[in-house]
Amino acid sequence: MARRHLEIDIPALGAIDRGQGGLGRQLADALRSAITKGELKAGERLPSTRVLADSLSLSRGTVTGAYEQLIAEGCLDAKAGSSTCVASGLRESAIAVRGLPGKPASPMPSLPASASRYGAIADRLTQLPSVPFSVAVPEGEVAMDEHWRRLGNRVRASQAAAPSGYADPQGLLALREAIADYLRRARAVRCGPENIIITEGTQQGLYLSSKVLLAPGDVAWAEDPAYPGLISVLEDRGARVHRVPVDTQGLDLASAIAACPDAKAAFVTPSHQYPMGMPLSMPRRLALLEWARRHGSWIVEDDYDSELRYAGQPFPAMQGLDSDRVVYLGTFSKVLAPSLRLGYAVVPERLTKAFAGARALMGRGSPSAEQHVIAAYMKEGYFETHIRRIRGIYAERRQVLMDTLRSELPELRIQPADQGMHIVAWLPEGLNDVAITSAAANTGIALRALSPMCSGNPQLSGLMLGFGGFSAGQLQDAVKRLHRVLNEFTHRTRR
Ligand SMILES: Cc1ncc(COP(=O)(O)O)c(C=O)c1O
């Protein structure tokens, strides 16, 4: 008798809202909640489906469905011929775990030791908004052309590009063939499709390289200043990072050899030092390769924006000088779009299997539909036409930015560089690049400070100014805003 009105004794059933629909799901949720809260005890009988349906004015099928769901989850027991009961042992097992000796109950697990480190990386690598002077913003005139859209639709609709089973973690063969063909011609890279691993951009190429080439505790050389995404990767791998200063010829090899000759790998940006912009001179390239040969070391060549050269002939890739010890990294982020998340690693033959395995561990490979599109875009000649077109636009925009900076802000010292999508401007003494960067964010411009890219206590204070995605008018307006921010800081430091 005591449970005769069980159906109305379960407070959780009051949460059922007829206006919301999904009554079966709502009933199952309410009963589950009653069980976990202890409103219904282990072994307790539930009303028959007919009684509960009548009392809640639900169809009997709805109640039966909810019971079946909870039986399948193990919350209820139904024995043939008898009524449905709350499963025994549910709360007991939770209580037993809570009462484990020596483990006081804690409301939340404590944060893992890595949480603050990864949190800081999230801050460091979060992209800037698409306003001047953000770096890779392929919008408007420099966005992928009409061919890309049409070809994309055609290729994605074709059977070969339609979603299918797991693909080769090394990447789509047709794309690797197209990349190998392009790199042999455009960058003098020595490779075939078998040397290529498709990556989710150079960031992943750096990660794969550190995984395969380095063990925790190994020494790696990195330039000073350097791309922050590289330093985070090396630290994450547990490598001991030796920062090598750069001068007008790029990496100061002599200082690295004098201070720390036994590095397992050198991570370099030979065609366009990041962020300063100078190429690594030919004598230094040869010396770096000689060092690698003598010390049994690897070189990781990050060739991130080599396609965007505005004057003179580009240096061929270092990989072409010694394909047995250089891992070459390229990306579609700079010439197509960063959102594609596609790039490539060209890997010495001895390492291809290891890289393919490491790539398989990280998500089993890249989505194949977009790889088919890029392969067709390259094979049909559109890729190189696109590069030539955007190179012309970038060259004009770069000139506008340099001219405007020279006339409006002559106190900034511009670092000479003939390549890429950004300019480096050094600030006058006493101005702090980090403070200026955060003040500028409130005025609709996105700067990147250089001092955090340097190790130790950097003496230099400078800004990275991206120009690629912005019209002449936008760049001129942004320089005016920068001018106002700098004026304010100059007055503050004089006060
Ligand atoms: C020097 C350098 N390396 C690597 C990357 C990563 O590029 P991706 O988008 O290909 O991962 C960047 C991105 O800005 C970069 O500047």
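## Helix α7 and its packing

The buried residues of α7 are L175, R176, A178, I179, A180, Y182, L183 and R187, where buried means under 20% relative accessible area, computed with a 1.4 Å probe on protein chains only. These residues pack against β3, β9, β10 (343–346), α13 (368–379) and α14 (382–408), with contact meaning heavy atoms within 4.5 Å. Helices (H or I, at least four residues) and strands (E, at least two) are DSSP runs, numbered from the N terminus.

This is a predicted model, in which local features need pLDDT of at least 70 and side-chain atom pairs count only at pLDDT 80 or more, while totals for chains, interfaces and linings use all residues. Residues are numbered from 1 along each chain as its sequence is written, and side-chain values use heavy atoms, with hydrogens and water left out.

## The sheet and the helices across it

An open sheet of eight strands has the order β3-β10-β9-β8-β7-β4-β5-β6, with mixed pairing; two strands pair if DSSP finds at least two bridges between them. Strands β3 (196–199) and β6 (250–251) stand at the edges with a single partner strand each, so one side of each is left without a neighbour in the sheet. Strands β8 (residues 298–302) and β9 (residues 326–331) pair in the parallel sense over four bridges, and I299 has V326 of β9 as its bridge partner.

Helix α8 (residues 202–213) lies across β3, β7 (265–268), β8 and β9, and runs at about 160° to β9, whereas helix α12 (residues 352–361) lies across β3 and β9 and runs at about 20° to β3. These angles run from 0 to 180 degrees between N-to-C directions, the axes being lines fitted to C-alpha atoms, for helices over the stretch in contact.

## The surroundings of Q419

Q419 is found in the loop between β11 (413–414) and β12 (422–426) and counts as buried, at 2% relative accessibility. Its side chain makes polar contacts with the side chains of S271, at 3.2 Å, and R309, at 3.0 Å. A polar contact is a pair of N or O atoms within 3.5 Å; within protein, one must be able to donate a hydrogen and the other to accept it, and residues adjacent in sequence count only if both atoms are side-chain atoms. Leaving aside residues up to four places away in sequence, Q419 touches S271, H272, D305, S306, L308, R309 and Y310.

Key
Buried < 20%, exposed > 50% of the residue type's maximum accessible area, 1.4 Å probe, protein only.
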